[in-house]
Amino acid sequence: MEGASLPQDSYFLGFDSSTQSVKATVLDANFNIVTTEIVNFDSELPHYNTKDGVYRDPSVNGRIVSPTIMWVEALELVLNRLEKSKLDFGKIAAVSGSGQQHGSVYWKTGSSTILSSLDSKKKLVDQLSGAFSIKESPIWMDSSTTEQCTEIEKAVGGALELSKISGSRAYERFTGPQIRRIFETQPEAYSNTERISLVSSFMASLFTGRYACIDHTDAAGMNLMDIKERAWSKRVLEATAPGLEEKLGKLAPAHAVAGLIAPYFVERYHFDKNCLVIQWSGDNPNSLAGLTLNTPGDLAISLGTSDTLFGITSEHKPCLEGHVFPNPVDTKGYMVMLCYKNGSLTREDVRNRCADKSWDVFNTFLQQTKPLNGGKLGFYYKDHEIIPPLPVGFHRFVLENFNGNSLDGVKESEVVEFDSASEVRAIVEGQLLSMRGHAERFGMPSPPKRIIATGGASANTSILDSVASIFGCDVYKIQSSDSASMGAALRAAHGWLCNKKGSFVPISCMYADKLETTSLNLKLAVNAGDQELVSKYGLLMKKRLEIENRLVQKLGRM
Ligand code: ADP
Ligand code: XUL
């Protein structure tokens with residue numbers, strides 16, 4: 001690509017502002033990791049008193065928030081650590097980042113002036129603590145907006161119609177229903193808000209010193225954007241809250257430049273004054289970029305605080321389960337995704353109760369028990385689940401006469417507990433069987449050509465063994481388990497290149513001929529399981545979905 005290659009001596013910085021931590025990855029121009037950094041909220045910023053990075057409000061059912069200013073303090077700490085590690089900030093050509101999706105930030109009227117006049121001799125946290133009309137940001141784990149979801153769906157002509165417009169039916173954690181709830185319950189704070197940012201565009205705003213646009217991909221997690229037009233949908237805005245368009249600002253493609261880095265960072269950390277800030281996006285979309293996912297048959301599984309499955313597709317089929325977002329690294333096509341709320345924290349809960357709080361003991365139990373778990377099926381919802389929509393609760397069943405060859409004569413009975421080893425296998429198999437079942441129902445490739453695993457728990461090979469056995473395909477990984485900050489750094493480079501070229505260039509042009517020699521290289525972690533076992537798991541999955549449907553009819557929201 002003549003005249004538009006990356007400057008060889010430069011770096012690209014990517015962040016991941018996630019549920020439990022802020023992470024950073026610095027890539028060089030050959031896409032090798034120069035350095036990484038992480039700040040964990042609970043252990044390193046204990047004065048906020050978060051548990052798993054959040055506050056679970058005991059007085060309002062399903063309300064889960066995080067203190068907005070904590071994210072600022074964590075970002076500052078990460079930057080200070082990068083400085084201590086002697087990172088040459090002057091070499092960074094572009095910065096981008098990931099935000100946990102759906103979370104929202106409410107800027108108080110007048111705060112744009114604070115943002116544009118930050119004093120580099122003072123801490124960010126001290127200057128921004130008064131900038132928010134709502135101090136606790138609703139995040140993706142929140143499920144307090146069922147009423148608002150129903151109202152919005154009704155106003156636009158139903159759940160499927162909303163999915164047709166925005167890429168998803170109304171979901172409790174999506175930003176539109178969250179904004180409506182704030183408008184209804186805190187009208188004064190709503191009217192005293194001049195800008196609403198997503199976590200992604202909030203962080204980008206800090207770096208540019210002015211309100212950054214929301215990017216098209218993360219905007220699709222709001223239930224507010226017309227996904228075909230990539231513009232705010234007037235119909236849904238009206239159904240959500242008054243005066244909303246003005247508070248949301250403009251939309252931008254993910255590869256666009258959000259602005260030059262603000263003087264604050266040039267003066268305080270010695271960034272180059274020409275360093276570009278590329279639009280930040282959601283953590284899952286950036287993971288898609290970091291995993292270099294570009295083949296429709298590939299499926300990514302992210303085992304982080306949430307568990308997600310995602311892939312790419314060329315068409316948008318409206319659906320009542322799962323989400324469609326614009327592809328974050330292409331101007332055409334879509335990203336499809338399923339999201340589970342009970343991911344790592346629920347696995348940790350079982351580890352703590354049954355496996356001496358140790359992943360080693362947890363893994364020993366996985367290895368000691370047999371695949372299919374003797375027909376023991378567990379449903380573990382430590383938090384209100386998204387797929388299926390079920391409240392907090394644990395449900396355990398034993399299938400009688402299950403031999404894996406047929407479901408004839410197989411009956412289930414509910415039990416109160418399993419032995420510790422079976423409980424460990426039941427949570428791992430249960431979560432993965434649910435993923436396989438819902439992915440098939442959603443039209444994701446089955447079996448996938450291959451799975452690319454990422455997120456904190458992808459470090460655990462025993463869990464990846466079960467992924468390979470249940471899905472029946474090879475499982476790959478990249479060097480870093482934080483594909484979100486890695487993808488953000490890669491997108492920073494991509495945005496830099498698009499800007500230099502003056503128009504969009506396909507991201508693969510940057511690395512197509514050298515993928516194997518970079519930190520992006522996909523390495524085989526586990527081979528596909530035995531196919532006979534894969535079909536036995538198929539039967540267990542069918543039974544699991546039957547039981548799940550019954551639980552939803554009895555306890556859930558349809
Ligand atoms: P997020 O980015 O969503 O905040 P991460 O992707 O960093 O989350 O994942 C954090 C989670 O990874 C932790 O909650 C922890 O349970 C899980 N984790 C870390 N190491 C292991 C392991 N060896 N086995 C299973 N889970 C692990
Ligand atoms: C995606 C979702 C979660 C968050 C986690 O829809 O809610 O995966 O993005 O950070």
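A: Let's start with one contact: a polar side-chain atom of Gln20 sits 3.1 Å from an oxygen atom of ligand 1. Keep in mind that this is a predicted model. Lys23 also reaches an oxygen atom of ligand 1, with a polar side-chain atom 2.8 Å away. Asn460 meets a nitrogen atom instead: one of its polar side-chain atoms is 3.1 Å from a nitrogen of ligand 1. As for how covered the ligand is, on its own ligand 1 would expose 580 Å², and the protein buries 78% of that.

Now step back to the whole shell. There are 13 residues around ligand 1, and the ones that come nearest are Ser18, Lys23, Thr305, Glu348 and Gly456. Sorted by class, the shell holds 9 polar, 2 nonpolar and 2 charged residues. Domain 1 (3–285) and domain 2 (344–475 + 528–555) each supply at least three residues to it. And the space that ligand 1 takes up is the largest pocket.

What about enclosed space? Searching the whole structure turns up 3 cavities of 30 Å³ or more. The largest cavity holds about 120 Å³ of space. It is lined by 17 residues, with Asn342, Tyr380, Tyr381, Gln431 and Arg544 closest to its centre.

Notes. Residues numbered from 1 in each chain as written. Chains lettered and ligands numbered in written order. Predicted model: local features only at pLDDT ≥ 70, side-chain atom pairs only at ≥ 80, totals over all residues. Heavy atoms only, no water. Near = heavy atom within 4 Å. Polar contact = N/O pair within 3.5 Å; in protein donor to acceptor, adjacent residues only side chain to side chain. Areas by Shrake-Rupley, 256 points an atom, 1.4 Å probe, with all protein chains shown as cover. 1 Å grid on protein atoms, 1.4 Å probe; cavity = no way out; pocket = protein on both sides within 12 Å on 5 of 7 lines; lining within 4 Å. Sits in = over half its atoms within 2 Å of the grid points. Nonpolar A, V, L, I, M, F, W, Y, C, P; charged D, E, K, R; others polar. Domains from an automatic or database assignment. Points joined across faces, edges and corners; volume = space filled by probe spheres on them.
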